[in-house]
Amino acid sequence: DARPVAARLRATLPALDRFVGVAARVVRDGRRPAGLLAKGLAGQAELIANDQKPALQELIGLVGLLERNRKGIVQFARNLSGETSINRRAGTYGQFQVTQFETSPQAFGFGPSAARGRDGRPSLLARSLAEMLERVCRDSNPAACLVRFQTPGLPDAPILSPRPSEEGEG
């Protein structure tokens, strides 16, 4: 018999009518903001595909590169800090005793004893490195002077004598 079902449906009609009325107002009032949102989102897929996705892929590649070379970057920062600080000889990292500008005598073609100084004098390795930096500074790159006199462990006084044409200059 369909009469009980029809009676129950009639009982729900007032609630259903109120729901439809509210939904109609939402459609009427929400049409403009929804349209503005739709216009604002138009072309976003193209923007993401053409601009943001390639930029993010490049960023991911750069992060990967930094990750793969993270130890070299840290070492470079530590050494460069000691080389370029005008505040102290060991630079900002040196304040925390982090700077370790380490070289081996073998890397420069010397034997192990070249790293040892004698009688309080700088080692052969330190004197040779200082001389090399002074030559580069004098001949081609003045920035080498900064490196030369900011590297801990190198002699305080210049190794090279001034050129004859430089003696009277001041």
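Asp139 is partly exposed, with 48% relative accessible area; that label covers the range between buried (under 20%) and exposed (over 50%), using a 1.4 Å probe and protein chains only. The side chain of Asp139 meets that of Arg138 in a salt bridge, 3.4 Å from N to O. Here a salt bridge is a side-chain nitrogen of Lys or Arg within 4 Å of a carboxyl oxygen of Asp or Glu. Arg138 is partly exposed too, at 26% relative accessibility.

A quick word on what you're looking at: this is a predicted model, where local features need pLDDT of at least 70 and side-chain atom pairs count only at pLDDT 80 or more, while totals for chains, interfaces and linings use all residues. Residues are numbered from 1 along each chain as its sequence is written, and side-chain values use heavy atoms, leaving out hydrogens and water.

**Salt bridges**

How many salt bridges does the structure hold? There are four. Side chains of opposite charge can pair when their charged atoms come close.

| Pair | N to O distance |
|---|---|
| Arg28 and Asp29 | 3.2 Å |
| Glu131 and Arg135 | 2.8 Å |
| Asp139 and Arg138 | 3.4 Å |

Let's take Glu131 and Arg135. Both sit in helix H5 (residues 124-139), four residues apart, or about one turn of the helix. Helices are DSSP runs of H or I, at least four residues long, numbered from the N terminus. An α-helix has 3.6 residues a turn, so residues three or four places apart point the same way. Glu131 is partly exposed at 27%, and Arg135 is partly exposed at 36%. Arg28, from another of the pairs, is exposed, with a relative accessible area of 54%.

**Along helix H1**

Helix H1 covers residues 3-41, and Leu16 lies in it. Leu16 is partly exposed at 46%. Together with Leu13, Phe19 and Val20, Leu16 forms a nonpolar patch on the surface, with about 410 Å² of accessible area between them. Such a patch joins nonpolar side chains (Val, Leu, Ile, Met, Phe, Trp, Tyr) within 5 Å, from residues with over 30% relative accessible area and no salt bridge. The areas come from the Shrake-Rupley method with a 1.4 Å probe.

Where does H1 kink? The spot is Gly30, shortly before the proline Pro33, and the kink is about 50°. That bend is the angle between axes fitted to the seven residues ending at a residue and the seven starting there. Just after H1, Gly43 takes a positive phi of about 85°.

**The disulfide**

There's one disulfide in the structure, meaning a pair of cysteine sulfur atoms within 2.5 Å. Cys137 and Cys145 form it, with their sulfur atoms 1.4 Å apart. The torsion about their S-S bond is about -55°, so the disulfide is left-handed. Cys137 counts as buried at 13%, whereas Cys145 is partly exposed at 30%.

**Ile159 and its contacts**

Ile159 belongs to the segment after helix H6 (143-150), and is partly exposed at 31%. Which residues does Ile159 touch, leaving aside those up to four places away in sequence? They are Arg127, Ala130, Glu131, Glu134 and Arg148, where contact means heavy atoms within 4.5 Å.

Terms used:
Helix = DSSP H or I, 4+ residues; strand = E, 2+ residues; numbered from the N terminus. Patch = residues over 30% accessible without salt bridge, like charges linked within 9 Å, V, L, I, M, F, W, Y side chains within 5 Å.
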